[in-house]
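Dear colleague,

I am handing over the structure below, and after it you will find notes on what was found. Please keep the structure open beside the text as you read.

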Amino acid sequence: MKSTHFFYRFCNSIPVWTATFVILAVIAVLTLMPSSDVPSVRIPHIDKLVHFLMFGGLSSVILMDYSRCRRHLGWSQWIVVASLSAAIGGLIELLQDSMEMGRGAEWNDFIADTLGAFLLPLCFFPFLRGVVSDYSLSLRDIRDSSAVPERIVELYVSSFPPDERRPVDSIRKLIDDHGPFHFSLIRSGRKTVGFITWWILEKGVYVEHFAMSPELRSRGLGRLSMERFCTLNKAHGVILEVETPGSNEMADRRIKFYERCGFRSHPAIEYVQPPYTPSSQPVELMLMTFGPIDDVEGLAEEIKRRVYGAS
């Protein structure tokens, strides 16, 4: 999984449209050179396989670049891009027939071009979707409570049990105070897909709450978001609380999720979250950290004192 995210970063380090122009240039050279310069390979139908791969590769990189520009990848983009790539293949066949270089137009080549343009991007569609999601992902810090979308408030209330969340009015006040508390919206392209609430403390960065829209949780955006957040704060270190192992069905899954994001568990440190309100109950939780946090217990005490107001 780490290698997959590395390739996301690698693809997104390539400027938009650069890969498309490179592939187009390679195809132009290979398809429009004189027939006398084309190497002879005695493998049946190898030229059709080459056409399939060339225009499948062209369709894939155009789809990646076009979707990065639109910050969204969908089936409509696939149809448009594959049709465009197939049309380029047809145009090249016509040029080969008219340039008198010993090469002629062939229907079988055009069919191979079209099949590659439509089918090869389908094989890489999940990977391309991950690349586009990584490219379009952003964290937007909210400093005015009125800018928090109502559906994000509903997501916050539905994602955490009453004893593990602070009252919404308290969150709004913390946002408007412009203090160490931060409320960040997670955006993928033009859509708000989740949020992170977090604190800048003396001994590290504390993530209080993190949630993603349920309909998007299977697309890897949650991991991309948390990894992006940790990368931005890796110099300070990040700490968060999770339910203890085995406490419920979701607890172990959340722990494994954060471990995949690079966090390590501290089960030996006894930690109880103080109650948010007089009517709330304290909750036994486990601490997990990312990055250079040497004094985990000291940071835990700072969290209790500054975040929860415990004496």
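A salt bridge joins the side chains of D177 and K173, with a distance of 3.1 Å from N to O. Please keep in mind that this is a predicted model. D177 and K173 are four residues apart in helix α8, which runs over residues 168–177, and they are therefore separated by about one helical turn. D177, with a relative accessibility of 46%, counts as partly exposed.

Are they buried or exposed? D65 has a relative accessibility of 0% and therefore counts as buried, and R68, at 1%, counts as buried too, because buried means under 20% relative accessible area.

A further salt bridge links K48 with D47, and here the closest N and O atoms are 2.6 Å apart. D47 has a relative accessibility of 33%, and therefore counts as partly exposed. When you look at this pair, please look also at E106 and D109, because salt bridges that share partners join D47, K48, E106 and D109 into one network.

The other topic is the packing of two helices. In general, two packed helices are described by the angle between their axes and the distance between the axes. Helix α6, made of residues 125–136, packs with helix α9, made of residues 221–232, at an angle of about 40°, and their axes are 10 Å apart. The two helices, α6 and α9, are therefore oblique to each other, because an angle under 35 degrees would count as roughly parallel and one from 65 to 115 as roughly perpendicular. The crossing in which α6 passes α9 is right-handed. Which residues make the contact? On the side of α6 they are G130, S133 and D134, while α9 contributes L221, L224 and R228. Sorted by class, the contact of α6 with α9 consists of two nonpolar, two polar and two charged residues.

Methods: Residues are numbered from 1 along each chain as its sequence is written. This is a predicted model: local features need pLDDT of at least 70, side-chain atom pairs count only at pLDDT 80 or more; totals for chains, interfaces and linings use all residues. Side-chain values use heavy atoms; hydrogens and water are left out. Axes are lines fitted to C-alpha atoms, for helices over the stretch in contact, and angles run from 0 to 180 degrees between N-to-C directions. Angles under 35 degrees count as roughly parallel, over 145 as roughly antiparallel, 65 to 115 as roughly perpendicular and the rest as oblique. A crossing is left-handed if the near helix is turned anticlockwise from the far one by less than a right angle, and right-handed if clockwise. Contact means heavy atoms within 4.5 Å. Ala, Val, Leu, Ile, Met, Phe, Trp, Tyr, Cys and Pro count as nonpolar, Asp, Glu, Lys and Arg as charged, and the others, Gly among them, as polar. A salt bridge is a side-chain nitrogen of Lys or Arg within 4 Å of a carboxyl oxygen of Asp or Glu. Buried means under 20% relative accessible area, exposed over 50%, partly exposed in between (1.4 Å probe, protein chains only).
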